[in-house]
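Take a walk through this structure, one element at a time. Keep the sequence and the 3D view side by side as you read.

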Amino acid sequence: IKENLNKDVLFYLSTLGYSFKRKGTMYIAEAILFIYKSNNLDLLDNLEKNVYKYIAHKNKKSINNIKTNIIKATNLIPKNDLTPKIIINDIVLKLIHDYDCF
């Protein structure tokens, strides 16, 4: 399931237009997987404090660096008016539907 989960996250991001050449895309994938695996949607309430902090520590970067890279990767998507928080939320909900429904 773990391999399929990773593939699905990357698939959802690519269909939105994210480039995997960007660090921010990989950080947003990490954020999605972290929230899903934590089984805690409340983490979305404060991404910087709850999620970006974890990713920053894991990658030995600053929270600001993680946030900036995610925003840059999101802003490069043509015709995109979604925020990283909305995108993360939507994909986490898709994963819950795909993997937790019987």
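Are Lys 7 and Glu 3 buried or exposed? Both Lys 7 and Glu 3 are exposed. Here, exposed means over 50% relative accessible area, buried means under 20%, and partly exposed lies in between, with a 1.4 Å probe and protein chains only.

Two notes on the source come next. This is a predicted model, where local features need pLDDT of at least 70, side-chain atom pairs count only at pLDDT 80 or more, and totals for chains, interfaces and linings use all residues. Residues are numbered from 1 along each chain as its sequence is written, and side-chain values use heavy atoms, with hydrogens and water left out.

Start with helix 1, residues 2–16. Helices are DSSP runs of H or I with at least four residues, numbered from the N terminus. Helix 1 has 15 residues. From first C-alpha to last, helix 1 reaches 22 Å, close to the 21 Å expected at 1.5 Å a residue. That expected span is 1.5 Å times one less than the number of residues.

Which residues of helix 1 are buried? They are Leu 5, Val 9, Tyr 12 and Leu 13. These residues cover an arc of only 95 degrees around the axis, so they sit on the same side of helix 1. The arc is taken from the directions from the helix axis to the C-beta atoms. An α-helix has 3.6 residues a turn, so residues three or four places apart point the same way. The buried residues of helix 1 pack against helix 2 (23–38) and helix 5 (84–100). On the other side of helix 1, Glu 3, Lys 7 and Thr 15 are exposed. Gly 17 follows helix 1, and its phi is positive, near 110 degrees.

Leu 10 also belongs to helix 1. Leu 10 counts as partly exposed because its relative accessible area is 33%. Together with Phe 20 and Met 26, Leu 10 makes a nonpolar surface patch of about 240 Å². Such a patch joins nonpolar side chains (Val, Leu, Ile, Met, Phe, Trp, Tyr) within 5 Å, from residues with over 30% relative accessible area and no salt bridge. Accessible areas come from the Shrake-Rupley method with a 1.4 Å probe.

Now turn to the charged pairs. The structure holds 3 salt bridges. A salt bridge places a side-chain nitrogen of Lys or Arg within 4 Å of a carboxyl oxygen of Asp or Glu. Lys 7 forms one with Glu 3, and their closest N and O atoms are 3.4 Å apart. Lys 7 and Glu 3 are 4 residues apart in helix 1, so about one helical turn separates them.

Lys 58 bridges to Glu 30, again with closest N and O atoms 3.4 Å apart. This pair links distant parts of the chain: Lys 58 lies in helix 3 (residues 47–59) and Glu 30 in helix 2, 28 residues apart. Lys 58 is partly exposed at 48%, whereas Glu 30 is buried at 17%.

Glu 48 and Lys 67 also meet in a salt bridge, at 2.7 Å from N to O. The pair joins distant parts of the chain, with Glu 48 in helix 3 and Lys 67 in helix 4, 19 residues apart. Glu 48 counts as partly exposed at 35% relative accessibility. Lys 67 is partly exposed too, at 28%.

End in helix 4 (residues 63–75), which holds Asn 69. Asn 69 counts as buried because its relative accessibility is 17%. Leaving aside neighbours within four places in sequence, Asn 69 is in contact with Lys 23, Gly 24 and Tyr 27. Contact means heavy atoms within 4.5 Å.

Terms used:
Helix = DSSP H or I, 4+ residues; strand = E, 2+ residues; numbered from the N terminus. Patch = residues over 30% accessible without salt bridge, like charges linked within 9 Å, V, L, I, M, F, W, Y side chains within 5 Å.
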